[in-house]
Amino acid sequence: MQPFTYLRAGSLDEAVAAAAKPGAAILAGGTTMIDLMRGDLAGPSSLVDIGHLDELAAFDTSGPVLRFGALARMADVAEDATLLRDYPALAESLQLAASQQIRNAATVGGNLLQRTRCPYFRDGVSACNKRAPGSGCTALDGETREMALFGASEKCIATYPGDWGTALAAFDTDIEIVSASGKRTIPFETFHVAYADQPEVETILRPGDIVTAILVRATPAGRHSTYVKVRDRQSYAYAVVSAAVALAFDGDVIREARVSLGGVASKPWRAPAAEAALTGQTLGEATALRAGAAAFEGAAPRGRNAFKIELGARAVARAALVAGRRS
Ligand SMILES: Cc1cc2nc3c(=O)[nH]c(=O)nc-3n(C[C@H](O)[C@H](O)[C@H](O)COP(=O)(O)OP(=O)(O)OC[C@H]3O[C@@H](n4cnc5c(N)ncnc54)[C@H](O)[C@@H]3O)c2cc1C
Ligand code: SF4
């Protein structure tokens with residue numbers, strides 16, 4: 001691990017000033033950051049600990065815009081009664097992530113910023129454009145079972161691993177950011193970037209930026225929502241594939257559908273073709289399966305990951321049927 005200085009910020013202003021210094025990085029719950037530093041995958045010269053800033057830890061799910069402070073703990077948000085009733089997809093995405101111990105420490109802001117679990121990135125020695133830009137991508141001719149079907153490039157085929165971000169992508173979500181130059185709010189769909197030419201760039205965050213809140217516009221579709229996660233182990237494992245579905249109905253007819261996919265793309269992935277396949281339809285197994293197949297139109301499998309197409313399509317279909325049954 002490289003030497004670094006540590007600052008426990010006493011206020012957001014102090015954190016913003018410290019984060020603006022070259023080489024600074026943010027520490028929240030630390031469940032990802034410490035691992036990255038120990039593995040020499042991150043080497044900040046100073047660590048700005050924002051983990052004790054109460055002003056960023058609150059969350060409120062009662063208004064027309066749900067507001068989650070970036071430091072709200074995953075475990076607390078996962079157990080919120082309003083979220084469980086009105087936005088089960090969001091609560092479930094947190095319940096199914098990591099372990100109870102990690103969720104107790106980890107924050108919802110930090111969760112969005114976790115890095116890929118590609119083993120060649122994590123091993124610290126293989127050629128990896130994400131860890132060492134320009135060094136190549138070992139995965140291209142290596143083990144591809146976990147790799148992406150969407151949003152990859154010849155420079156990187158790794159997946160984005162988070163569950164919460166996948167579920168947020170099915171809702172109208174914004175991210176609030178502060179830096180020394182002020183506050184800005186951006187749509188969540190532009191927060192993560194597909195890998196393309198610069199696999200080392202994963203979000204639009206600039207040095208010195210601090211995520212302060214996640215904002216979700218209230219919607220009746222939240223009630224008819226769910227998050228389906230398929231993984232190799234029943235607990236403590238990342239998604240092989242996952243799907244969030246949220247539906248709004250006029251009587252029996254689906255007025256609006258939101259579908260997002262996890263475990264299959266370089267970022268949380270909206271599936272507009274699946275949404276179109278559901279909208280205007282009554283929900284049944286045939287419609288759900290059609291939506292699942294539509295979600296994976298244009299998928300680009302490589303080697304051993306082709307099974308994710310059928311598995312993912314069925315995850316979408318299951319999520320649609322479960323979401324539709326909710327009242
Ligand atoms: C064994 C294990 C299993 C896991 N399984 C899953 C899983 O199944 N699903 C899943 O979704 N996640 C999983 N995770 C990831 C876990 O949820 C994240 O580590 C956690 O949410 C990160 O939050 P944190 O507060 O600990 O972030 P930190 O570790 O403190 O920070 C993570 C990153 O975000 C940056 N950061 C944090 N907060 C901010 C902020 N407010 N503004 C700007 N930058 C910030 C940090 O600089 C760092 O780069 C797993 C993690 C582990 C260790
Ligand atoms: S897939 Fe991406 S993260 Fe994995 S080795 Fe290739 S460049 Fe690195």
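Ser-260 is buried, with 0% relative accessibility (buried means under 20% relative accessible area, exposed over 50%, and partly exposed in between, using a 1.4 Å probe and protein chains only). Keep in mind that this is a predicted model: local features need pLDDT of at least 70, side-chain atom pairs count only at pLDDT 80 or more, and totals for chains, interfaces and linings use all residues. Residues are numbered from 1 along each chain as its sequence is written, chains are lettered from A and ligands numbered from 1 in the order in which they are written, and side-chain values use heavy atoms, with hydrogens and water left out.

**Around Ser-260**

- Ser-260 sits in strand β11 (residues 253–262); helices (H or I, at least four residues) and strands (E, at least two) are DSSP runs, numbered from the N terminus.
- A polar atom of the Ser-260 side chain is 2.6 Å from the backbone oxygen of Thr-166. That makes a polar contact, meaning a pair of N or O atoms within 3.5 Å; within protein, one must be able to donate a hydrogen and the other to accept it, and residues adjacent in sequence count only if both atoms are side-chain atoms.

**Ligand 1**

- There are 29 residues around ligand 1, and the closest are Ile-26, Thr-31, Thr-32, Thr-107 and Asp-163; a residue is near a molecule or strand if one of its heavy atoms lies within 4 Å of it.
- In that shell you'll find 17 nonpolar, nine polar and three charged residues. Here Ala, Val, Leu, Ile, Met, Phe, Trp, Tyr, Cys and Pro count as nonpolar, Asp, Glu, Lys and Arg as charged, and the others, Gly among them, as polar.
- From a side chain, a polar atom of Asn-111 comes to 3.0 Å from an oxygen atom of ligand 1.
- On its own, ligand 1 exposes 970 Å², and the protein buries 92% of that; accessible areas come from the Shrake-Rupley method with a 1.4 Å probe, and for residues only the protein chains shown count as cover.

**Salt bridges**

- Side chains of opposite charge can pair when their charged atoms come close.
- The count comes to 20 salt bridges, each being a side-chain nitrogen of Lys or Arg within 4 Å of a carboxyl oxygen of Asp or Glu.
- Arg-326 pairs with Glu-92 at 2.8 Å, N to O. This pair ties together distant parts of the chain, 234 residues apart: Arg-326 is in the segment after α12 (307–325), and Glu-92 is in helix α5 (residues 88–95).
- Which partner is buried? Glu-92 is, at 14% relative accessibility, while Arg-326 is partly exposed at 25%.
- Asp-172 and Arg-217 form a salt bridge, with their closest N and O atoms 3.7 Å apart. They also link distant parts of the chain, 45 residues apart, with Asp-172 in the loop between α9 (164–168) and β6 (173–179) and Arg-217 in strand β8.
- Both partners are partly exposed, Asp-172 at 32% relative accessibility and Arg-217 at 48%.
- Asp-250 and Arg-255 make another salt bridge, at 3.3 Å between the closest N and O atoms.
- Shared partners join Asp-172, Arg-217, Glu-256 and Arg-258 into one salt-bridge network.
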